[in-house]
Structures are given as structure tokens and as C-alpha cells.
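Have the model open as you read.

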Amino acid sequence: MQESVVIFERVTKSYPTYTYITAGFKNFLIHLPKSLKGFKKRYTVLREISFQITKGECVGFIGRNGVGKSTLLGLIAGVLKPDSGKIVVKGRVSPLLELGAGFHPDLTGRENIILNGVLLGMTKAEVKAKLDFIVDFSGLKDFIDQPIRTYSSGMVARLAFSVIAHLDPEILLIDEILAVGDVDFQKKSFQKILEFKEKGITIVLVSHSLDSIVKVCDRAIWLENGGIKMDGEAKEVVSAYLRS
Amino acid sequence: MLLNFQSFLQSKSYQYYFDLVSVLVAKELKVRYKNSLLGYFWSLLNPIALAIIFYFAFKVIMRVPIENYSFFLLCGLFPWQWFANSVGSSPMVLLGNASLIKKVNFLTYIIPLASILNDAVHFLLTIPVILLFGFLFKVTPSPVYVWGIPCWFVAQFFLTYGLSLLFSSINLFFRDLERLVSLFLLLLFYLTPVFYDVSLVPKEYHGIIFLNPATGIIIGWRDLFMKGAFDVGLYFVYFFYSLGIFFVGFFIFRKLSPRFAEVL
């Protein structure tokens, strides 16, 4: 029996309905009675969810929009806190940022690699040691000292993924990353994710692309109405989901 | 409790946090100085322009009885610039990095910190200009500078970081706070003896002026640069005042931070 690295025990997560508050003090005061009610009213996304992910497993979450898939990743990353229940995560979590998040257009490719690498959890020395490999992998050697505002969006995506590909995560969280970039790039990133999987890195993937879930994941969990509708082998869960 | 500060520090090495802050500060500085070699000039331009305006308004027209008035102005305006720029931009600093904060959980405290350290570097770079002005007004640099500058720097740092934490976190929930903050800074500017001396203020208003945490700091900088003086009593009062404000900002930020990703 392999060790569990992600454990959810009866986890409930709700969101506040902060509409009048985030609209600012002015709206908050104008709509004071409603605003105060809004403090208490919460919208439950996940209701008493329990599951475990063992080390090296590759799990995909599927379900309709707004069912709480990204919330789940947020909970694993520790960015969101559950209302109740227990979450245990063992190991270094690396979330894949939206491609290009944390890049600055006026910095060169090289400077952005260092910035992004550190944001994603490496020390400066670690990024610098890997810098040449990252540049090679990106295939952008000729442009690497140009500011990335001169790059095409495909080139930015390549640079971003090259940084990710050289991270050394224990648990990798992926939110819809496979749909970005041209066909070549998708293939390359896909390849890299399979490589991560072979290395024994635990991967949690959220995607609407059922195809990529079947290809990458061993196991899929289907979320519906705040709970787990089905949990099993990726192929079976996906085909059941398609039939519904 | 949730997102405890200790666990936040323990989860990564100090080396990593040092790198993270330095990379974020370096980013802002590089961007600023890359676009134009005049980057340094830009950070001087604003306070110098203000100094010229105030000089004209208050020295030439109103004839305030303050000696070396242009030097007097710069000694207050440069540190004020750091404070006002950092606090003024703080409401947007978390919103502007939403995509990072939603995914990486240890960044929240670091992002406002990097922003104010960036302005702090600009301030430190303006100190030679203050010294140069001092030279023009026959003020010789004093050995007190060696510890006076770090001391007031730390006091101002806590005040600025505390208010930045406060405003950046609350602005996520009340998105129009930014407007109130700029109004607050405008009011605070006139309540701070930047372009006047406290001795010109009628006694009955001293309470309000000294209640303003920026007052002691601006007076401290100016006494330091103009007279080479360091008032230990004044320093400790405003250091602990700033530290208190820092803790208020810090605890409110910590209380709100588990909710950041929910509202971004």
C-alpha cells in the first residue's frame, strides 16, 4: 500500500456572497441591510468530500462548470481554507500558473525565467543552475535577451512551460493547461507531463478536455452537486460522464 | 491558526524568501531603469518639482520664516515620497497580482513587502542628492548619519509596511478603498510638517499634528540631515508608534488572508 499524499476528510467549502462588499464602501453603505445579510449567506461548492490520493498517482477531476474543480486545486495548494473537514497534503506542491502569469513584458526572457522560477518555488541558485537547460528546452536561444513584449504569445507560452518543465515538484497541480498553445506545443507539454508521471510525481489535473484526462490519468473523479458522483478508473468515469 | 506566520516561514527556507523578495524588488527596479536611463531622474523629478512649487508659494509669496527653505523642503519630501508612493499603491498591489495569489499560498505577505522595498530603494538612492544639497547649504555630513539613517529607515519601514498590509488586504473586500486612501494621503500630507515647521503651528493644534505617525519620522529625518541631530526620545516614541501600526496591519492582514483567494 502506497502512502497517501493528499487526504481530504469530509471537507466542506463554501463561498461568501460578497457582492455588495466587493462593490466598495459606497455600495456597501447604500445597500446596508442587504450587505449585512450577505455576510452570513454562503454558497456551498463542496459538501463533505472525502478522498485520498496516493503517491505517484495521477488523478483527473471532471465535472460541469462551477462544480468546484478549481476550488479543489485551491484547497490542495493551501490558498483556500475549508469551512470544515480536514485536509492533509504531504510534499512540495507546485501549481502550474496560467501560462505567462508572473512574467513581466519589459524584462528579457532570461530575467523572466529567473523571476518565474523563484515564484514557482526554486531558489535563485537553483534556477541559475538550470538556466541553460531551460533556455535550450524552450528553443528560444536567439531571443532570450530580448524583452518578452517582443515575443509572440506562443513564444511566451513556450518559455513559461520550459520553466515549469524544470521544476522539481512532488505534487503537481494542473488547471486546464493542456489546451494552451499550438499543436506542437501541446504535444511537447503533454510529453513533459507524461515524463513527470513516469518520475513518480503525483499529478492532480482539472480539465474539460476529457481526452487528455483519459490519456494522462489513471484515475478520475467526477464531481457533481458538491459531492463525488463517481471515482474510478479514468476511462470508465469519463465514459459514464459522457453518457450522462 | 490558519496560514500561521510561523508555518508560513517554516514551509520554506529563509534563503528562499530572501531570493523571492530580491527577485521581486529587482524586477521593479529593472523595469524602471531599463525603459529609460533617466529612471533615476524620474524618481527625483517629482519631489524636486514639489519643492520648487512649495518654495515659490511659501517662500517667495508667503515668506515663511524658515532658513534654507529649499533644503528644508527636500529633507522632508524625499522620505515623504517613499511613504506616499508605497501607501498610495498598496490598495492595488494584491489585486494586480491576483493570478499569482490564487495559486501560490506563501506570496501574500511578500508582494506588498517587495512593493515598499522597491520604493525604499528609490528613497535610499535620493539620499546622495540630499547630501549634495546639504553641501550647497554648507551643512557637513555628520557621523550621526551612520546610525541615524538606518534607525529612521526602520521606523518608516514599519509604518509603511503596516499601512500597506492594512490597505492592500481591505481593498480586496472594499474595492473603492483606493480612492479613500489617496484622500487620506492628501490630508495626511497637510498634517505632516513637510513644508512647514512645527514651531509655526499654533499650540492648540499640536495634538493633531503629533498624533500623525508620519510627523515624528519627517521631523527625525530633517533634524538628522539639517543638523546632524538625533532625538532619542522622539525616535523611540515614533518607532513604537510605527511598530504598533505595523502589528495592527499585520494582524488584520493575517485575519483576512485565508479569504483572499475567495474574493480575487
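A:E111 is buried in this predicted model, with a relative accessible area of 19%. Its salt-bridge partner is B:K30, with the closest N and O atoms 3.8 Å apart. That pair runs between chains, from helix α2 (residues 14–35) of chain B to helix α5 of chain A. B:K30 itself is partly exposed, at 35% relative accessible area.

A search of the whole structure turns up 15 salt bridges over all chains. Here are three of them, with their N to O distances.

| Pair | N to O distance |
|---|---|
| B:E262 and A:K13 | 2.4 Å |
| A:D145 and A:R110 | 3.0 Å |
| B:K30 and A:E111 | 3.8 Å |

B:E262 sits in helix α12 (residues 260–263) of chain B and A:K13 in strand β1 (residues 4–16) of chain A, so this pair joins two chains. B:E262 is buried at 9% relative accessible area, and A:K13 is buried too, at 0%.

A:D145 lies in the loop between α6 (124–138) and α7 (153–165) of chain A, while A:R110 is in helix α5 (residues 109–119), so their bridge ties together parts 35 residues apart in sequence. A:R110 is partly exposed, at 29%.

Now for the helix packing. How do α4 and α6 of chain B cross? The axes of α4 (residues 69–93) and α6 (residues 110–136) come within 9 Å and cross at roughly 170°, which makes α4(B) roughly antiparallel to α6(B). Residues in the contact include B:F71, B:F78 and B:W82 of α4(B) and B:I116, B:F123 and B:F133 of α6(B). By class, the contact has 15 nonpolar, seven polar and one charged residues.

Key:
Residues are numbered from 1 along each chain as its sequence is written. Chains are lettered from A and ligands numbered from 1 in the order in which they are written. This is a predicted model: local features need pLDDT of at least 70, side-chain atom pairs count only at pLDDT 80 or more; totals for chains, interfaces and linings use all residues. Side-chain values use heavy atoms; hydrogens and water are left out. Axes are lines fitted to C-alpha atoms, for helices over the stretch in contact, and angles run from 0 to 180 degrees between N-to-C directions. Helices (H or I, at least four residues) and strands (E, at least two) are DSSP runs, numbered from the N terminus. Angles under 35 degrees count as roughly parallel, over 145 as roughly antiparallel, 65 to 115 as roughly perpendicular and the rest as oblique. Contact means heavy atoms within 4.5 Å. Ala, Val, Leu, Ile, Met, Phe, Trp, Tyr, Cys and Pro count as nonpolar, Asp, Glu, Lys and Arg as charged, and the others, Gly among them, as polar. A salt bridge is a side-chain nitrogen of Lys or Arg within 4 Å of a carboxyl oxygen of Asp or Glu. Buried means under 20% relative accessible area, exposed over 50%, partly exposed in between (1.4 Å probe, protein chains only).
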